[in-house]
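Here is a short report for a reader who is new to this structure. Look over the sequence and the model, then read on.

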Amino acid sequence: MEHLGEDPTSARPAATPGPASAAPVPSALSGEPSPQPAPGLGARFRRDLRIGVKAGLQTFWELARVMIPAYGLTLVLERLGVIQWLAQLARPLMALLGLPGDAAVPLMVGYVLNIYAAVGSMQALDLSAQQVTVLAIAILIGHNLLVEGAVLHRAGMNGFAFGALRVVAGLAAAAVADLLMGLF
Amino acid sequence: MADLLRTFVMGSLDLLLRVFVIVVPIMVVLELFEGTRPFRSVVRAWARVVRHVGLNERSAAPTLIGFLFGLAYGGGVIVRDIRRHDLGRRQVFIMSTFLSMVHAIAEDSLVFIALGASAFWIVGFRIVWAALVTLALTAVATLVVRRWKA
């Protein structure tokens, strides 16, 4: 995404052969060395492929490094019964969303684990179509908070604050949707 | 304890494999096609949409990846782009807020649609909600953090 804001005809620096001097022009935005002037299509493909694989492996490693510990913590919390404990605490809140108290279980399962686990525990409940939709909104906004929060943390944001935001804004969205759906 | 460890090892391998088969192809495809005309017109069209929540053209690609594939993958592209050039904390904040509210639009939504949730509400309403929350929080954050670059 090096030169998005510029003239669309100059696709990338390599497309136009440099001036008479063969000295590579350093690319201001990316830290990569500038390519040789006008390499063949095959050479450019191989170069981009190499950079892409390298970026992929590097990103994979960076994600793995934060996701795996967060996943471990998630398993420990689950084992300690934190999900059931949170669900007990959240039970009274469910009425605000027009949901039965039991709906707190899939919600907390979603927050701590992930969407698939939440869907699994939702199937144990007998919910109306509107209730399924309202609960889905809350879970779709807030889920897998530890693992995804770790990724945001890696991007320089506060993972805890964004976790809290997803819980609060997700519940608010569910409440608003419940109200609006009642009107129509 | 032993079974917890087993679950952790198996689960981690599963997670790693899943991240690997998504992240590496995304990065390769980005690298190969980022400079091409069709890719740029898609990103530019998307940029015209997300401009309304305060995102610039550089943030459009990571936001699109996150919107389509998931927060972790969008986050990965954000981390890559931060490594390559300064995105600006304000842009990263806006992207994180927007993607926190809506991401993995196809996969996650389909799981709940299969369960009987209304597509209109879980997709349409969630996108509108994401835009509103992003605009509101950016406005608040801009007041609090004065030194943010635009």
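The text below goes from one chain to the interface, and then to single residues and their partners.

**Chain B as a whole**

This is a predicted model. Chain B holds 7 helices and 0 strands. Along the sequence its pattern reads α-α-α-α-α-α-α. The C-alpha atoms of chain B fill a box of roughly 50 × 35 × 35 Å along the principal axes. Of the 150 residues in chain B, 53% are buried.

**The interface with chain A**

How many residues of chain B are in contact with chain A? The count is 61 residues of chain B, against 66 residues of chain A. The size of an interface is often given as the accessible area lost when the parts come together. Here the two chains bury about 5,900 Å² between them. Carbon and sulfur atoms carry 73% of that area.

Polar links are also present. Between chain B and chain A, 8 residue pairs are in polar contact, both residues at pLDDT 80 or more. On the side of chain B that touches chain A, the elements giving two or more residues are helix 1 (2-33), helix 2 (37-50), helix 3 (57-69), helix 4 (71-84), helix 5 (89-101), helix 6 (105-114) and helix 7 (119-144) of chain B. Helix 1 of chain B gives the most, with 16 residues. By type, the residues on this side of chain B divide into 32 nonpolar, 14 polar and 15 charged.

**Helix 7 of chain A**

Now take one helix of the partner chain. Helix 7 of chain A covers residues 159-183, which is 25 residues. From first C-alpha to last it reaches 36 Å, close to the 36 Å expected at 1.5 Å a residue. At its start, a side-chain oxygen of N158(A) reaches to within 2.9 Å of the backbone nitrogen of F160(A).

Which residues of helix 7 of chain A are buried? Among them are G159(A), F162(A), G163(A), R166(A), A169(A), G170(A), A173(A), A177(A) and M181(A). An α-helix has 3.6 residues a turn, so residues three or four places apart point the same way. The buried residues of helix 7 of chain A pack against partners in both chains. In chain A these are helix 5 (129-141) and helix 6 (145-154). In chain B they are helix 4, helix 5 and helix 7.

S100(B) sits in helix 5 of chain B. Is S100(B) buried or exposed? S100(B) counts as buried because its relative accessibility is 0%, and the cut-off for buried is under 20%. A polar atom of the S100(B) side chain lies 2.7 Å from the backbone oxygen of S96(B). Leaving out residues up to four places away in sequence, S100(B) touches I141(A), L152(A), F162(A), R166(A) and L71(B). Two of these names, F162(A) and R166(A), are also on the list of buried residues in helix 7 of chain A.

**Salt bridges**

Side chains of opposite charge can pair when their charged atoms come close. Over all chains, the structure has 11 salt bridges. Of these, 2 cross the interface of chain B and chain A.

| Salt bridge | N to O distance |
|---|---|
| E62(A) and R83(B) | 3.0 Å |
| R79(A) and D3(B) | 3.4 Å |
| R84(B) and E31(B) | 3.0 Å |

The E62(A) pair runs from helix 1 (residues 41-79) of chain A to helix 4 of chain B. E62(A) is buried at 10% relative accessibility, whereas R83(B) is partly exposed at 33%.

R79(A) lies in helix 1 of chain A and D3(B) in helix 1 of chain B, so this pair joins two chains. R79(A) is partly exposed, at 45% relative accessible area. D3(B) is partly exposed too, at 41%.

The pair of R84(B) and E31(B) stays within one chain. R84(B) is in helix 4 of chain B and E31(B) in helix 1 of chain B, 53 residues apart. R84(B) counts as buried at 16% relative accessibility, and E31(B) counts as buried at 2%. Salt bridges with shared partners join E31(B), E34(B), R80(B), D81(B) and R84(B) into one network.

Notes
Residues numbered from 1 in each chain as written. Chains lettered and ligands numbered in written order. Predicted model: local features only at pLDDT ≥ 70, side-chain atom pairs only at ≥ 80, totals over all residues. Heavy atoms only, no water. Contact = heavy atoms within 4.5 Å. Buried area = accessible area lost by both parts, 1.4 Å probe. Salt bridge = Lys/Arg side-chain N within 4 Å of Asp/Glu carboxyl O. Polar contact = N/O pair within 3.5 Å; in protein donor to acceptor, adjacent residues only side chain to side chain. Helix = DSSP H or I, 4+ residues; strand = E, 2+ residues; numbered from the N terminus. Nonpolar A, V, L, I, M, F, W, Y, C, P; charged D, E, K, R; others polar. Expected span 1.5 Å × (residues − 1). Buried < 20%, exposed > 50% of the residue type's maximum accessible area, 1.4 Å probe, protein only.
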